[in-house]
Amino acid sequence: MSRVYNFSAGPAVLPEEVLKEAAAEMLDYKGTGMSVMEMSHRSKAFEEIITEAEQDLRELMGIPDNYKVLFLQGGASQQFAMIPMNLMKNRVADYIITGQWAKKAAKEAEKYGKVNRIASSEDKTFSYIPDCSDLPVSEDADYVYICENNTIYGTKFKELPNTKGKTLVADVSSCFLSEPVDVTKYGIIYGGVQKNIGPAGVVIVIIREDLITEDVLPGTPTMLTYKTHADAKSLYNTPPAYGIYICGKVFKWIKAQGGLEAMKEKNEKKAKVLYDFLDQSKLFKGTVEKKDRSLMNVPFVTGDADLDAKFVKEAKAAGLENLKGHRSVGGMRASIYNAMPYEGVEALVEFMKKFEEENQ
């Protein structure tokens with residue numbers, strides 16, 4: 001069986017070179033006589049792995065010294081609680097609702113304080129990003145929260161909201177390392193790695209040091225306090241060691257590709273092939289306002305649920321996997337993360353052309 005083109009939204013496609021390298025080291029990592037999976041997280045070998053991973057990520061993103069990089073567990077969803085527990089000093093936060101995940105994050109934060117939903121695109125099924133240039137940011141808000149790229153709906157903030165001096169917190173799970181980023185614009189930038197960076201089970205949190213304090217909400221568990229992990233350099237307890245090791249390999253792979261500028265260029269080129277086809281297709285159409293289109297997740301429909309199902313089934317038979325849209329919206333979705341090769345998107349478009357001819 002040859003490898004398929006995997007358009008899954010996450011866990012998602014990983015660079016083939018990385019998988020081959022990990023396979024070669026599976027039984028014996030650098031002469032240790034064991035796999036990274038079997039290695040003590042307190043060993044010198046693992047200390048080197050996590051230290052180097054952090055250095056490479058800092059280099060890729062230009063992370064300033066006054067930000068900590070934490071490799072945590074619990075996925076992005078656990079951050080929905082961890083953020084208010086650590087940041088809601090006034091018990092007020094502003095949320096911009098551009099999809100399912102921001103909605104869930106806001107609902108979770110309500111357990112800890114007052115949540116103001118200061119903008120939303122739910123009126124049009126989250127098919128656009130609301131204008132965030134002049135929002136009613138609350139005087140006493142502890143932070144403003146966004147989900148920067150919306151995996152389900154295929155939208156992306158091209159401009160960050162004007163938070164009027166308030167701390168910006170962003171979930172970047174599905175656009176992590178897809179383009180250059182100015183970390184200084186955020187208080188916290190975080191994401192689950194299973195879309196663009198590594199295997200499920202790791203969440204990376206990049207947090208400004210002044211936000212890491214002992215002054216957290218009463219009852220916050222030790223494991224959900226940023227200070228716990230920052231002080232212990234992500235080794236307070238056994239971290240998801242193997243996942244971090246793969247993330248480190250992906251960081252090196254991105255550096256070898258030319259860094260985030262090069263990634264953005266490649267991603268724009270890939271996305272253009274698919275969007276250009278959707279814009280002229282008579283059968284398929286994209287569901288997102290052009291100006292807000294994501295480079296990572298491309299939802300599209302035929303307008304006929306039966307035809308959508310037929311497309312997904314035939315695409316799978318042709319080696320194009322995981323094109324079914326999220327259960328909440330239906331249709332199709334192609335996730336074309338960093339590791340998806342250009343040829344994969346070309347193959348998808350060729351298949352769509354053929355399908356269109358046969359099903360007009």
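Guide: Before we dig in, "buried" here means under 20% relative accessible area, "exposed" over 50%, and "partly exposed" in between, with a 1.4 Å probe and protein chains only. This is a predicted model, so local features need pLDDT of at least 70, side-chain atom pairs count only at pLDDT 80 or more, and totals for chains, interfaces and linings use all residues. Residues are numbered from 1 along each chain as its sequence is written, and side-chain values use heavy atoms, with hydrogens and water left out.

Visitor: Okay, D171: buried or exposed?

Guide: D171 is buried, at 3% relative accessible area. It sits in strand β8, residues 168–171 (strands, E, of at least two residues and helices, H or I, of at least four are DSSP runs, numbered from the N terminus).

Visitor: What is D171 in contact with?

Guide: Contact means heavy atoms within 4.5 Å. Setting aside neighbours within four places in sequence, the partners of D171 include A76, F80, Y145, C147 and Y190.

Visitor: Which residues does UniProt list for "binding site"?

Guide: The unreviewed entry gives A76, S77, W101, T151, D171, Q194, N237 and T238. UniProt positions use the numbering here, feature names are shortened, and annotations may be inferred rather than shown by experiment. Those residues span 163 residues of sequence and are also spread in space, up to 30.5 Å between C-alpha atoms.

Visitor: And where does Q194 lie?

Guide: In the loop between β9 (188–192) and β10 (203–208). Beyond residues up to four places away in sequence, Q194 touches G10, P11, A12, P199, A200 and V202.

Visitor: Switching to cysteines, how many disulfides does the count come to?

Guide: Taking a disulfide as a pair of cysteine sulfur atoms within 2.5 Å, the count is 0.

Visitor: Why is C147 too far for a bond?

Guide: Because its closest cysteine sulfur, in C175, is 7.8 Å away. C247 is in no disulfide either, with the nearest cysteine sulfur, again that of C175, 16 Å away. C147 is buried at 3%, and C247 is buried at 0%.

Visitor: Last topic: which residues touch the most other members in the largest nonpolar core?

Guide: M61, L177, I204, I206, F251, F284 and F311, out of 88 residues. A nonpolar core is a set of buried Ala, Val, Leu, Ile, Met, Phe, Trp, Tyr and Cys residues joined through side-chain atoms within 4.5 Å. Helix α6 (residues 241–257) supplies the largest share of this core, 10 residues. Apart from that core lies another, of 37 residues, among them A76, I83, Y95 and I212.
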